Amino acid sequence: MSEPVRHRAERLLADSGETYAHEAGIRLADKPSPLYQLLVLSTLFSTRISAEIALDAAREVFRAGWRTPRKMADASWDDIVAALGRAHYRRYDESTATALGAGADLLIERWHGDLRRLRGEAGGDPQRIRQLLQDFPRIGPVGAEIFCREAQGIWEELRPAFDRRALDGAEKNHLPKNPGRLAALVEPEELPRLAAALVRSTL
């Protein structure tokens, strides 16, 4: 592996290697509340809306106190719509408020509010994790990949998680497009940061 390639990866990390979860104010850990917050963020990113607006919407939702599925389930639809509106999350505010409420209900009913139980149900199969995530409203293949891209730092079976956009960023930055070779450029815990930096380079 050539040093210049590794240096390019390191420069990307230094310049734009903040994860989207961190930027949204999520202290990601393998615990129910931050994992749920990542699910919310992935839901907000799953529409045709700018990353900046999706991040603002996540901050508004969390500022309102809806950081757990129970809090979200107890929130009124009107209040969720209003929070999204304050972040200029237009056109999708009503449908997304519905999706967030229904997703919180599903998580409570099926996995007792704890995404670690979803992980357990998947039995270490990363593709099964992606399939189960798509049971949540609005979380299609794109939303599931966003979740896995960010969660790979704490759920090691997801590594390496580079979606199409991240791999496009790798090509743009003259880095390997093979996920395994790309992952070898950084330490495992840095993979979410590298994936985020690669995505940002395509925006």
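These legends go with a few views of a predicted model of one protein chain.

View 1. Taken along the principal axes, the C-alpha atoms fill a box of roughly 55 × 35 × 25 Å. The radius of gyration is 17 Å, which agrees with the value near 17 Å for a compact globule of 203 residues.

View 2. Of the 203 residues, 51% are buried. Among contacts with a separation of 6 or more, 64% join residues 24 or more positions apart. The accessible surface comes to about 9,500 Å², and carbon and sulfur atoms own 47% of that. As for charge, there are 30 positive and 30 negative ones, and their mean positions sit 2 Å apart.

**View 3. Arginine 149, a buried charge-bearing side chain in helix 10.** Helix 10 covers residues 141-151, and arginine 149 is part of it. With a relative accessibility of 6%, under the 20% cut-off, arginine 149 counts as buried. Skipping neighbours within four places in sequence, arginine 149 touches Tyr20, Ala161, Asp163, Pro192, Ala195 and Val199.

**View 4. Alanine 151, also in helix 10.** Alanine 151 belongs to helix 10 and counts as buried because its relative accessibility is 0%. Beyond neighbours within four places in sequence, its contacts are Leu28, Leu38 and Leu158. Histidine 7 is 144 residues away along the chain, and 24 Å separate its C-alpha atom from that of alanine 151.

Conventions. Residues are numbered from 1 along each chain as its sequence is written. This is a predicted model: local features need pLDDT of at least 70, side-chain atom pairs count only at pLDDT 80 or more; totals for chains, interfaces and linings use all residues. Side-chain values use heavy atoms; hydrogens and water are left out. Helices (H or I, at least four residues) and strands (E, at least two) are DSSP runs, numbered from the N terminus. Buried means under 20% relative accessible area, exposed over 50%, partly exposed in between (1.4 Å probe, protein chains only). Contact means heavy atoms within 4.5 Å. The radius of gyration is taken over C-alpha atoms; the globule rule is 2.2 Å times the number of residues to the power 0.38. Accessible areas come from the Shrake-Rupley method with a 1.4 Å probe; for residues, only the protein chains shown count as cover. Lys and Arg count as positive and Asp and Glu as negative; His and the chain ends are not counted. The place of a charge is taken as NZ of Lys, CZ of Arg, CG of Asp or CD of Glu.
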